[in-house]
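What follows is a short report for a reader who is meeting this structure for the first time. Please keep the sequence and the model in view while reading.

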Amino acid sequence: MIEFQQVSKQYPPNVTALSDITLKVDKGELVFLAGPSGAGKSTLLKMIAAMERPSEGTVNVSGYDIGRIKNSGLPYLRRNLGLIFQQQRLLDDRNVLANVMLPLIVCGATRGDAERRARAALDKVGLLDKAPMSPQSLSGGEQQRVSIARAIVNRPQIILADEPTANLDREAANKVLDALKAFHAVGVTCLISTHDEQFLDTATRVIYLDHGRIIESWRRTTPHSSQVMA
Ligand SMILES: Nc1ncnc2c1ncn2[C@@H]1O[C@H](COP(=O)(O)OP(=O)(O)OP(=O)(O)O)[C@@H](O)[C@H]1O
Ligand SMILES: [Mg+2]
């Protein structure tokens with residue numbers, strides 16, 4: 001579903017953000033990306049969404065070659081993706097429901113259909129009662145769950161979340177993570193970058209990056225045994 005082959009990324013003038021990354025993510029996996037600030041986590045996630053292109057190597061996402069995809073092809077790629085990135089904040093000039101309806105309206109859904117599906121998405125993250133509120137009146141954790149509802153309203157095959165629990169307290173962070181895990185449980189592939197060590201305890205797959213390289217990568221087949229991969 002997602003495959004990186006010997007991928008490097010340089011930002012001008014000479015920053016190496018990713019270096020020789022080879023990685024495969026199967027359908028339905030839940031992957032945590034860990035590593036210190038500047039390790040390349042956001043760059044890796046952005047590349048999957050074709051927000052950045054590889055400098056070397058190939059990235060394949062759902063059959064799309066990210067290095068070669070034309071701008072006209074981006075909507076087709078992104079239709080399969082639910083993005084939870086810090087850059088994509090909620091719009092304060094409309095209520096929570098309208099924020100979640102927006103991706104559907106952009107894709108040409110009728111208002112009635114968009115509203116029905118947006119309400120269902122808000123229900124899944126436990127925030128249906130906040131539908132008429134302004135995003136500003138919600139807590140940070142609630143706003144983040146609205147972002148998740150907006151990301152999944154199009155029923156994407158892949159969810160990319162860049163530090164979705166940053167700046168949240170433990171309880172709010174757990175709710176955000178539970179919402180993401182619920183989508184994983186119904187077969188959605190999830191990649192989540194995090195600094196939060198506690199999440200890694202429950203992870204089934206973790207990839208550690210440092211200075212743009214994968215320094216450790218493991219899958220856990222059962223809750224208590226971990227298997228180190230080459
Ligand atoms: N647009 C850009 N232009 C130039 N350099 C960039 C750009 N984006 C990222 N970088 C650099 O690439 C490296 C990797 O950055 P990236 O944002 O991927 O790290 P990160 O692991 O997400 O860090 P953090 O945990 O702080 O979010 C860093 O050295 C960063 O300064
Ligand atoms: Mg980052």
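## Two residues with positive phi

His-211 is placed in the loop between strand S9 (205-210) and strand S10 (213-222), where helices (H or I, at least four residues) and strands (E, at least two) are DSSP runs numbered from the N terminus. The phi of His-211 is near 45°, a positive value in a residue other than glycine. His-211 counts as exposed because its relative accessibility is 66%; in this report, buried means under 20% relative accessible area, exposed means over 50%, and partly exposed lies in between, with a 1.4 Å probe and protein chains only.

Ser-62, found in the loop between strand S4 (56-61) and strand S5 (64-65), is also a residue other than glycine with a positive phi, here near 50°. Ser-62 has a relative accessibility of 27% and therefore counts as partly exposed.

## Basis of the model

This is a predicted model, in which local features need pLDDT of at least 70 and side-chain atom pairs count only at pLDDT 80 or more, while totals for chains, interfaces and linings use all residues. Residues are numbered from 1 along each chain as its sequence is written, chains are lettered from A and ligands numbered from 1 in the order in which they are written, and side-chain values use heavy atoms, with hydrogens and water left out.

## The surroundings of ligand 1

Ligand 1 is surrounded by 13 residues, of which Ser-37, Gly-38, Lys-41, Ser-42 and Thr-43 are the closest; a residue is near a molecule if one of its heavy atoms lies within 4 Å of it. Strand S2 (15-25) and helix H1 (41-48) each supply at least two residues of this shell, and the largest share, 3 residues, comes from H1. By type, the shell divides into 5 nonpolar, 6 polar and 2 charged residues.

For Gly-38 the distance from a polar backbone atom to an oxygen atom of ligand 1 is 2.8 Å, for Ala-39 it is 3.1 Å, and a backbone N or O atom of Gly-40 lies 2.9 Å from an oxygen atom of ligand 1. On its own, ligand 1 has 630 Å² of accessible area, and the protein covers 63% of this, with areas taken from the Shrake-Rupley method and a 1.4 Å probe.

Helix H6 (residues 170-185) has 16 residues, which at 1.5 Å a residue should span 22 Å, and its end C-alpha atoms are 22 Å apart, which agrees; the expected span is 1.5 Å times one less than the number of residues. Which residues of H6 are buried? They are Ala-173, Val-176, Leu-177, Ala-179, Leu-180 and Phe-183, and because they cover an arc of only 150° around the axis, they lie on the same side of H6. The arc is that of the directions from the helix axis to the C-beta atoms.

On the other side of H6, Glu-171 and Ala-185 are exposed. Just after H6, Gly-187 takes a positive phi of about 100°.

## Two further loops

Pro-12 and Pro-13 are joined by a cis peptide bond, with omega about 0°, and Pro-13 is found in the loop between strand S1 (2-11) and S2.

Leu-127 lies in the loop between helix H4 (111-124) and helix H5 (140-152), and Leu-127 is buried, with a relative accessible area of 3%. Leu-127 and Leu-97 are 30 residues apart in sequence, and their C-alpha atoms are 9.9 Å apart in space.

Note on methods
A polar contact is a pair of N or O atoms within 3.5 Å; within protein, one must be able to donate a hydrogen and the other to accept it, and residues adjacent in sequence count only if both atoms are side-chain atoms. Ala, Val, Leu, Ile, Met, Phe, Trp, Tyr, Cys and Pro count as nonpolar, Asp, Glu, Lys and Arg as charged, and the others, Gly among them, as polar.
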